[in-house]
Amino acid sequence: MRHTTLLRLVLPLFVSLAACTGGSGNNNPPAETPVFQPTVPAGMAVYVNRAGQWVPGTVVQQTGPMSVKVHYDGMPAEWDEDVPFERVRAKEAPAEPMKPGDVVLAKSQNRLFLVEIVRAVDGQTFQVHYADYPPEAVENMTADRLQRPFTGATAFPAGTPVVVEAGGPQPYPGKVLAVVAADQWIVRLDGLAPQYDQLVGPDRIRPAGAPAPAATDPAAGAPAASGTTAPAAPAPAAPAPAAPAAPAFKAGDAVLVKTRDLYYPATVMGAGTAAGSWRVKMEGQSVDEEVSGASVVEFKDPLKGVKYQAGQEVFIEWHGVWAPGKVLKEAGSGNYKVRVEGGSAENDDLVQVRRLRPR
């Protein structure tokens, strides 16, 4: 990935300590504790909050997962001090104009994707290619849908091997593809195609090889073993309404599997080991995965001989991924105006009928 100079937006440098350390306890052997690797470069120009005033300075070195030593501009070295990330801001850098060849983040279908700028269409519109997608995966985008990756201090710089919670029963290994903010990352899961990239926060990521968070007693919310610290159990939620019975599938059925707010095509391989679960093979994946029955829906055939109606709920295809939405109106020539679930009118799209499935 091409890195820019310094951060162009004034953003906090706060990073979750839990994400950096993996949550080791006093009784853990030293070998299980991830080695601290500095991620803040020496010499970074910053502002430091001192009694409510932002004072300019320079990073001398990173002293811990959540702290840096800074030198204040124009002051003697004896004024240097360690400060936590929440008191530090990167100095605003002049915004660089985007140009062909730049690798940036693009907003599309309520997601962020890594793209390369192919050419400038005009002063405010660029043709972009979605990184690691086929050559035909290009789109014209206005500049307000594009942003540069975050380049400030973060626990997991681009290229860092990590483990993430990806919606399945087991954590999944991957690598940080891009940094969106100090505490937000796009991760490419090992062995999976780019449509399965995950946008994750500190609650879903940890360093590769770090020990898993300590298990807790589900009844008491206390640590399962002495010497380990676990987060307090959340308050019990109010009883949810009874869910409808999960649909029955058979081996070979085409289905969609929900992960976060999107649905991914898969094929049913058989019943899972847990009650109500299914073994599925995700499109582009070489091994089966066991998923909850609540996350699996039928992948229906396209409508034939009838038209979609205004207000009809549908799945909308985008580069192999399906988003829930609804039809707004027929637009002629086999096209429909649609809105993705949770989207606003400014993001309404015109799609061909082949990109729709009944829901």
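In this predicted model, His319 lies in the loop between strand E21 (313–318) and E22. Its phi is near 50°, a positive value in a residue other than glycine. His319 counts as partly exposed, at 28% relative accessibility. The protein chain around it has one helix and 25 strands.

**The chain as a whole**

- The protein chain has 359 residues, and buried residues make up 40% of them.
- Its accessible surface comes to about 19,200 Å². Carbon and sulfur atoms account for 54% of that surface.
- Take the contacts between residues at least 6 apart in sequence: 44% of these join residues at least 24 apart.

**Sheet E4-E3-E2-E1-E5**

- Five strands make up this open sheet, in the order E4-E3-E2-E1-E5, and the pairing is antiparallel.
- Strand E4 (81–84) and strand E5 (88–90) are the edge strands, and each pairs on one side only.
- On average, neighbouring strands of this sheet are turned by 50° against each other, direction ignored.
- Strands of a sheet pair through backbone hydrogen bonds, either parallel or antiparallel.

**Pairings within that sheet**

- Strand E1 (residues 45–50) and strand E2 (residues 53–64) run antiparallel and are joined by six bridges.
- E1 and E2 form a hairpin, with two residues between them. Ala51 sits in the turn and has a positive phi of about 55°.
- E1 also runs antiparallel to E5, and three bridges join them.
- Val48 has Val55 as its bridge partner in E2. Val48 also stands opposite Val88 in E5.
- Strand E3 (residues 67–72) pairs with E4 over four bridges, in the antiparallel sense.
- Within that pairing, the bridge partner of Val68 is Val83 in E4.

**Sheet E9-E8-E7-E6-E10**

- This open sheet has five strands in the order E9-E8-E7-E6-E10, with antiparallel pairing.
- Strand E9 (138–142) and strand E10 (146–147) stand at the edges. Each has a single partner strand, so one side of each is left without a neighbour in the sheet.
- Strand E8 (residues 125–130) runs antiparallel to E9, and five bridges join them.
- Val128 stands opposite Glu139 in E9.
- In a regular strand the side chains alternate between the two faces of the sheet.

**Asp132, in a loop of the E8 and E9 region**

- Asp132 has its place in the loop between E8 and E9.
- Its phi is positive, about 70°, although Asp132 is not a glycine.
- Asp132 is exposed: its relative accessible area is 54%, and the cut-off for exposed is over 50%.

**Glu116, in strand E7**

- Glu116 has its place in strand E7.
- Its relative accessibility is 38%, so Glu116 counts as partly exposed.
- Leaving aside neighbours within four places in sequence, Glu116 is in contact with Gly101, Asp102, Val103, Gln127, Val128 and His129.
- Gln127 is eleven residues from Glu116 along the chain. The C-alpha atoms of these two residues are separated by 8.7 Å.
- Val128, one of the contacts of Glu116, is also the residue that stands opposite Glu139 in E9.

**The cavity**

- Rolling a probe the size of a water molecule over the atoms shows where empty space is left.
- The structure holds one cavity of 30 Å³ or more.
- The largest cavity has a volume of about 40 Å³.
- Its lining consists of Gln109, Arg111, Phe113, Leu262, Trp318, Val321 and Ala323.
- Strand E7 (111–122) and strand E22 (321–332) are the elements that give two or more residues to this lining.
- E7 is also a strand of the sheet E9-E8-E7-E6-E10, and Glu116 has its place in it.

Note on methods. Residues are numbered from 1 along each chain as its sequence is written. This is a predicted model: local features need pLDDT of at least 70, side-chain atom pairs count only at pLDDT 80 or more; totals for chains, interfaces and linings use all residues. Side-chain values use heavy atoms; hydrogens and water are left out. Two strands pair if DSSP finds at least two bridges between them. Axes are lines fitted to C-alpha atoms, for helices over the stretch in contact, and angles run from 0 to 180 degrees between N-to-C directions. Buried means under 20% relative accessible area, exposed over 50%, partly exposed in between (1.4 Å probe, protein chains only). Contact means heavy atoms within 4.5 Å. Accessible areas come from the Shrake-Rupley method with a 1.4 Å probe; for residues, only the protein chains shown count as cover. On a 1 Å grid over the protein atoms alone, a cavity is a set of points where a 1.4 Å probe fits but cannot get out, and a pocket is an open set with protein on both sides within 12 Å along at least five of seven lines; lining residues have an atom within 4 Å of a point. Grid points are joined across faces, edges and corners, and a volume is the space filled by probe spheres set on the points.
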